[in-house]
Amino acid sequence: MGMMENSAVFMAPLLLRNTVTSLLVYADKSILVLAEKYKALEIFRYLVIASFLFFLRLFPSFSQFLKADDDYTFNSTQSSGYFVGYGGVGDSGIGRALSQLLWSVNDIPVSSSKYGIVRSLAEQLIEENNKEDIEALREMNRTVLSAAFSRTLCLVEAAMLELGQGRVGHYGAGFGPVCYQLNRLLRAVGVGSGRVGVSRSGNSAEKLAAELLWLAEELAGCGFEEEAVERWASASNLAALSLSAEPRLQGSLVKVSAFLFKQMKDMDSEETEEGSRQTKMKMLTSWLPLLCRGSNGTDMPVLSLSERAELEKILEDTVDMLQHEEQEQVLSLWLHHFTYCPSSDWPNLHASYARWCTTSRKLFLPPLKM
């Protein structure tokens, strides 16, 4: 009985952390939609994130306070509630194992020798689940990987807010005072680390962005690329923050965007026409500005010449599939950021812009008489 009681006490804060994180990730999606229309909700969203970071700051001390005796030994049978997984996934041992591994990948510094071991274990588990050709295992891969992608999105945004990297708003402006006050609050409670690019866990936003690409590739490898595309298309606040982020972080986010734009190209047959067009519209309006501003790189180009040419063609084809009014919105956004960044001449959507102008001009022609 004593060991069971100790186990319950020790697992309680870990279960609480998992539950709160899952709730935040999924609630954040709903708030994002409304926050685009109401400034008060945008401010409220930042306060929620600040409170969450403060909670994580207190968590290690809370966990140590509740920790059992030093000679406590881990018992897998007693601790089946340890990793409930993401968003309620965890009703099987293999699901909890994958959730634990993906959580650990986020938490372990990339400089640690354990990082490669844990990441390889996660990849092996995902691959073996996929090879079994059992629908339940495939569904588990989809749910756990999708939730991990959402959680990592949240961590990247939180890390950027914590360090004051970026301001949220249209064209990268607006809410500057909110971000400034939030940053002061984070540093006051001790969450801010004071180190450029490093979050409270010691992991950089750039590392987390690289893990976003890895998770997107794993989802695509399992045939669930639409999960990553939908979440990336809806991450408009992260996209706005990225416009004033550090160049290396911008480069990492450009790689994620490029990969998911390519995946989106092959999704037409799997979605309804309306749903596909809405996803394309959100992808373009959210991430096209970053492609214009963050594609040069620092030490070396973020994308190769062939990758740029391929993605530019995908962007042109995507714009051409939109309705006339939507094309105007996207191309106006492109022109603003394309001209704003004189050091980059990519992506060049001049051909799409010219086609839209020709179509717009034809609207003035009188209708043909029968």
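**Figure 1. Arg151 and the ring of Trp103.** In this predicted model, Arg151 is placed over the face of Trp103. The distance to the ring centre is 3.8 Å.

**Figure 2. The aromatic pair of Phe149 and Trp232.** Five aromatic pairs are present in the structure. One of them joins Phe149 and Trp232 in an edge-to-face arrangement, with 6.5 Å from centre to centre and 65 degrees between the planes. The two residues come from distant parts of the chain, 83 residues apart: Phe149 belongs to helix α5 (residues 135-162) and Trp232 to helix α8 (residues 225-233). Both Phe149 and Trp232 are buried.

**Figure 3. The surroundings of Phe149.** Neighbours within four places in sequence are left aside in this view; Phe149 is then in contact with Leu212, Leu215, Ala216, Leu219, Ala228, Arg231, Trp232 and Leu260. Phe149, Trp232 and Leu260 are also the residues with the most contacts inside the largest nonpolar core, which has 75 residues. Helix α5 gives the most to this core, with 11 residues. Because domain 1 (90-166 + 202-238) and domain 2 (279-365) both give residues to the core, it lies between them.

**Figure 4. Helix α5 within the structure.** The 28 residues of α5 should span 40 Å at 1.5 Å a residue, and this agrees with the 40 Å between its end C-alpha atoms. Of these 28 residues, 22 are buried, so α5 is largely enclosed by the rest of the structure.

Figure 5. Asp133 is found in the loop between α4 (113-131) and α5. The residue is not a glycine, although its phi is positive, at about 55 degrees. Asp133 counts as exposed because its relative accessibility is 65%.

**Figure 6. Ala216 in helix α7.** Ala216 has its place in helix α7 (residues 205-221). With a relative accessibility of 1%, Ala216 counts as buried. Apart from neighbours within four places in sequence, Ala216 is in contact with Phe149, Ala228, Phe259 and Leu260. Ala216 and Gln263 are 47 residues apart in sequence, and their C-alpha atoms are 9.6 Å apart in space.

**Figure 7. Helix α10 and its surroundings.** Helix α10 (residues 247-265) consists of 19 residues. From its first C-alpha to its last, α10 reaches 27 Å, close to the 27 Å expected at 1.5 Å a residue. Since 15 of the 19 residues of α10 are buried, this helix is largely enclosed by the rest of the structure.

**Figure 8. Lys265 and its contacts.** Lys265 is found in helix α10. The residue is partly exposed, with a relative accessible area of 42%. When neighbours within four places in sequence are left aside, Lys265 is in contact with Glu310 and Ile314. Lys265 and Ile314 are 49 residues apart in sequence, and in space the distance from C-alpha to C-alpha is 7.0 Å.

**Figure 9. Helix α12 and its buried residues.** Helix α12 (residues 305-320) has 16 residues, which should span 22 Å at 1.5 Å a residue; the end C-alpha atoms are 23 Å apart, which agrees. The buried residues in α12 are Arg308, Leu311, Glu312, Ile314, Leu315, Glu316, Thr318 and Val319. An α-helix has 3.6 residues a turn, so residues three or four places apart point the same way.

**Figure 10. An aromatic cluster and a cis peptide bond.** Trp334, Phe338, Tyr353 and Trp356 form one aromatic cluster. A further feature is the peptide bond from Trp346 to Pro347, which is cis, with omega near -10 degrees. Pro347 has its place in the loop between α13 (324-340) and α14 (350-362).

**Figure 11. The chain as the setting of these views.** The secondary structure of the protein chain comes to 14 helices and zero strands. Buried residues account for 48% of the 370 residues in the chain. Among contacts between residues at least 6 apart in sequence, 78% join residues at least 24 apart.

Technical notes. Residues are numbered from 1 along each chain as its sequence is written. This is a predicted model: local features need pLDDT of at least 70, side-chain atom pairs count only at pLDDT 80 or more; totals for chains, interfaces and linings use all residues. Side-chain values use heavy atoms; hydrogens and water are left out. Rings of Phe, Tyr and Trp (its six-membered ring) pair if their centres lie within 6.5 Å; planes under 30 degrees apart count as stacked, over 60 as edge-to-face and the rest as tilted. Helices (H or I, at least four residues) and strands (E, at least two) are DSSP runs, numbered from the N terminus. Buried means under 20% relative accessible area, exposed over 50%, partly exposed in between (1.4 Å probe, protein chains only). A charge sits over a ring if NZ of Lys or CZ of Arg is within 6 Å of the ring centre and within 35 degrees of the ring normal. A nonpolar core is a set of buried Ala, Val, Leu, Ile, Met, Phe, Trp, Tyr and Cys residues joined through side-chain atoms within 4.5 Å. Domain bounds come from an automatic or database domain assignment. Contact means heavy atoms within 4.5 Å. The expected span of a helix is 1.5 Å times one less than its number of residues.
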